[in-house]
Amino acid sequence: MKVDVDAEVARIYADVIRRNPAEPEFHQAVREVLESLAVVLGRHPEFTAHKTVERICEPERQIIFRVPWQDDRGEVHIARGFRVEYNSALGPYKGGLRFHPSVNLGIVKFLGFEQIFKNALTGMPIGGGKGGSDFDPKGRSDSEVMRFCQSFMTELYRHLGEYTDVPAGDIGVGAREIGFLFGQYKRITNRYEAGVLTGKGLSYGGALVRTEATGYGAVFFASEMLAVRGEEFEGKTVSVSGSGNVAIYAVEKAQQFGAHVVTVSDSSGYVVDEKGIDLDLLKQVKLVERARISEYAARRPGAVFVPAAGGSIWDVPCDVAIPSASQNELPEDGAVALVRNGCRIVVEGANMPTTPKAVRVLQEAGVGFGPGKAANAGGVATSALEMQQNASRDRWSFERTETRLEEIMRDIHHRCHATSTEYGDPGNLVLGANVAGFLQVAEAVHAHGLV
C-alpha cells in the first residue's frame with residue numbers, strides 16, 4: 001500500500017507535540033528534522049512500517065532528579081538535574097551537561113535529539129544524549145560550584161559509564177566543573193574510569209584540542225562551504241556571537257585562516273572592533289576574569305560596546321556569520337539584516353541558534369547555511385577522540401588531534417553535500433545533514449530489532 005509521506009510526517013509531528021506538551025524548543029528541533037524526511041520515507045517504506053521515526057523521536061530514558069546544595073553563607077538551595085539518554089543505536093550515550101537557569105526538560109530533549117544526528121555525522125561510535133541543571137554557576141565561588149557538582153554527581157553517577165553514558169561540558173560547564181564531577185564519580189565508584197567524562201583537564205586524561213574543538217570545527221566546516229563557492233577565509237570579514245569557548249576559538253581559527261573578525265558578544269551586549277578582535281585580551285576578560293564583554297571595549301581603544309537593548313549584532317556587516325551563543329539567537333530580522341549587508345555564509349557554532357524563519361530567509365537569498373548538527377560537531381568528535389585515547393591509555397599531540405578533527409569536519413561537509421545532491425536539493429546542507437544522520441541511525445535501529 002502506498003503511503004502519503006507528507007501526511008505521515010504531519011501525523012508523527014502532531015503526535016510528538018501531543019506527547020511532549022509545552023516543550024517548544026524540542027518541537028522545533030523535531031520539526032526541522034521531520035521536514036527533511038518525507039523524501040526519505042518515500043524511498044524507504046520500511047521506516048514507516050516499523051515506526052522507525054517515532055522510535056527515534058522517543059528518548060530511551062529520561063532522568064530528572066533533585067540536587068540539594070549549600071552556599072557559602074550556609075543557605076540551602078534545591079536545583080533540578082536532568083539527563084536524557086536519547087539513543088544508543090550507534091554507541092554509548094554522548095552529549096554535554098549544561099548548567100544554566102534556562103535548563104528544563106524540553107531544552108535538554110531538544111539538545112539530545114540534535115545530538116543523535118550530530119554524533120552520527122561524525123562517523124564515530126557514539127549515541128546521543130544530553131543533560132544539565134537549572135543551577136547558575138555565574139557569580140558562585142569555586143567552593144559553591146564544587147558542592148553543587150558533588151551533589152549533582154552523587155545522583156547521576158549510577159547512570160553513567162564509559163560503555164553506557166559519557167557526558168561532557170556545555171554552557172556553564174567547563175574544565176572546573178568537569179574536574180569536580182570527575183572527582184566525585186571516582187570517589188563514589190572507586191574506579192579511575194577516565195573515559196566516563198570528556199573535556200577533562202590535561203593532567204588527568206583530557207585531550208589536547210578539546211577546548212578549541214567546537215570553534216575550530218565550525219571554522220573548518222565554513223572553510224569547506226567557502227571552497228565549494230571557490231572562495232577562502234583570507235580577507236573575509238567575520239561576525240561571531242558569544243564569547244565562551246566556541247566563540248573564542250572560532251575567532252582564533254578564523255584569524256589563523258586570515259579572516260578579519262570584528263564582533264563578539266555576551267548576554268549584556270556585543271562589541272564591534274573594526275581593527276579586529278584582540279584575541280589575547282578577549283581570553284583574559286572572558287576565560288581568566290570571567291568578566292562582562294563590556295570590559296573588553298573598556299580596555300581596547302576603538303572598540304565599541306553596544307548594550308543588548310541598543311541593537312543587534314547581526315546589523316554589523318560581514319561576509320561570514322558564526323552564531324555561537326545559544327539557541328534561537330539569530331531571528332528573522334537578523335537574517336534579513338545579514339542578507340541586506342551582503343553576508344554569504346552563516347555557520348552555526350551553537351546548537352540551533354537560528355530560528356526556522358531566519359533559516360528560510362537565508363536559504364531563499366542564496367546564503368550558504370551550515371546547520372549546527374553538522375557545523376558544530378567538532379566538540380563531540382574530539383570528545384570521541386578523547387575516549388579513544390583514554391581507552392588505549394595514550395595521549396596524542398595537539399597537531400595529530402587537530403589534523404584528525406579537520407579530517408572529520410571535512411568528511412561531515414562532504415557527506416552532507418553529497419546527500420543533499422542525492423536527495424534532490426544540491427547545496428541544502430540542512431537536508432543533507434538531517435538525511436545522512438537519520439539514515440545511519442535508522443539502519444542501526446533496524447539491525448538491533450524491536451528494542
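Biologist: What should I know about the model before we start?
Modeller: This is a predicted model, in which local features need pLDDT of at least 70 and side-chain atom pairs count only at pLDDT 80 or more, while totals for chains, interfaces and linings use all residues. Residues are numbered from 1 along each chain as its sequence is written, and side-chain values use heavy atoms, with hydrogens and water left out.

Biologist: In what order do the strands of the five-stranded open sheet lie?
Modeller: The order is 1-2-4-3-5, with mixed pairing. Strands (E, at least two residues) and helices (H or I, at least four) are DSSP runs numbered from the N terminus, and two strands pair if DSSP finds at least two bridges between them.

Biologist: Which strands are at the edges?
Modeller: Strand 1 (61–70) and strand 5 (165–169) are the edge strands, each pairing on one side only. Neighbouring strands of this sheet are turned against each other by 20 degrees on average, direction ignored.

Biologist: How many bridges join strand 1 and strand 2?
Modeller: Strand 1 and strand 2 (residues 76–87) pair over 10 bridges in the antiparallel sense. Ile 64 stands opposite Phe 82 in strand 2.

Biologist: Which helix packs on that sheet?
Modeller: Helix 6 (residues 142–156) does, touching strand 1, strand 2, strand 3 (93–99) and strand 4 (128–133). Contact here means heavy atoms within 4.5 Å. The direction of helix 6 makes about 145 degrees with that of strand 1; angles run from 0 to 180 degrees between N-to-C directions, and axes are lines fitted to C-alpha atoms, for helices over the stretch in contact.

Biologist: And the seven-stranded open sheet, what is its order?
Modeller: The order is 9-8-7-6-10-11-12, again with mixed pairing. Strand 9 (304–307) and strand 12 (368–370) are its edge strands, and the twist averages 15 degrees from one strand to the next.

Biologist: How do strand 8 and strand 9 run?
Modeller: Strand 8 (residues 269–272) and strand 9 run antiparallel, joined by four bridges. The bridge partner of Gly 269 in strand 9 is Pro 307.

Biologist: Where does helix 9 lie?
Modeller: Helix 9 (residues 245–256) lies across strand 6 (237–240) and strand 7 (260–266), running at about 175 degrees to strand 7.

Biologist: Switching topic: at what angle do helix 2 and helix 5 pack?
Modeller: Helix 2 and helix 5 (residues 105–122) pack at about 25 degrees, with their axes 7 Å apart. They are therefore roughly parallel to each other; angles under 35 degrees count as roughly parallel, over 145 as roughly antiparallel, 65 to 115 as roughly perpendicular and the rest as oblique.

Biologist: Which residues make the contact?
Modeller: Among them are Phe 26 and Val 30 of helix 2 and Phe 110, Phe 113 and Phe 117 of helix 5. By class, this contact has eight nonpolar, one polar and four charged residues. Ala, Val, Leu, Ile, Met, Phe, Trp, Tyr, Cys and Pro count as nonpolar, Asp, Glu, Lys and Arg as charged, and the others, Gly among them, as polar.

Biologist: What about helix 16 and helix 17, at what angle do they pack?
Modeller: Helix 16 (residues 398–422) and helix 17 pack at about 100 degrees, with their axes 7 Å apart. Helix 16 and helix 17 are therefore roughly perpendicular to each other.

Biologist: Finally, which residues lie nearest the centre of the second largest pocket?
Modeller: Glu 32, Glu 35, Pro 356, Val 359 and Val 430 do, out of 24 lining residues. The largest share of the lining, six residues, comes from helix 2. The lining divides into eight nonpolar, eight polar and eight charged residues. On a 1 Å grid over the protein atoms alone, a pocket is an open set of points where a 1.4 Å probe fits, with protein on both sides within 12 Å along at least five of seven lines, and lining residues have an atom within 4 Å of a point.
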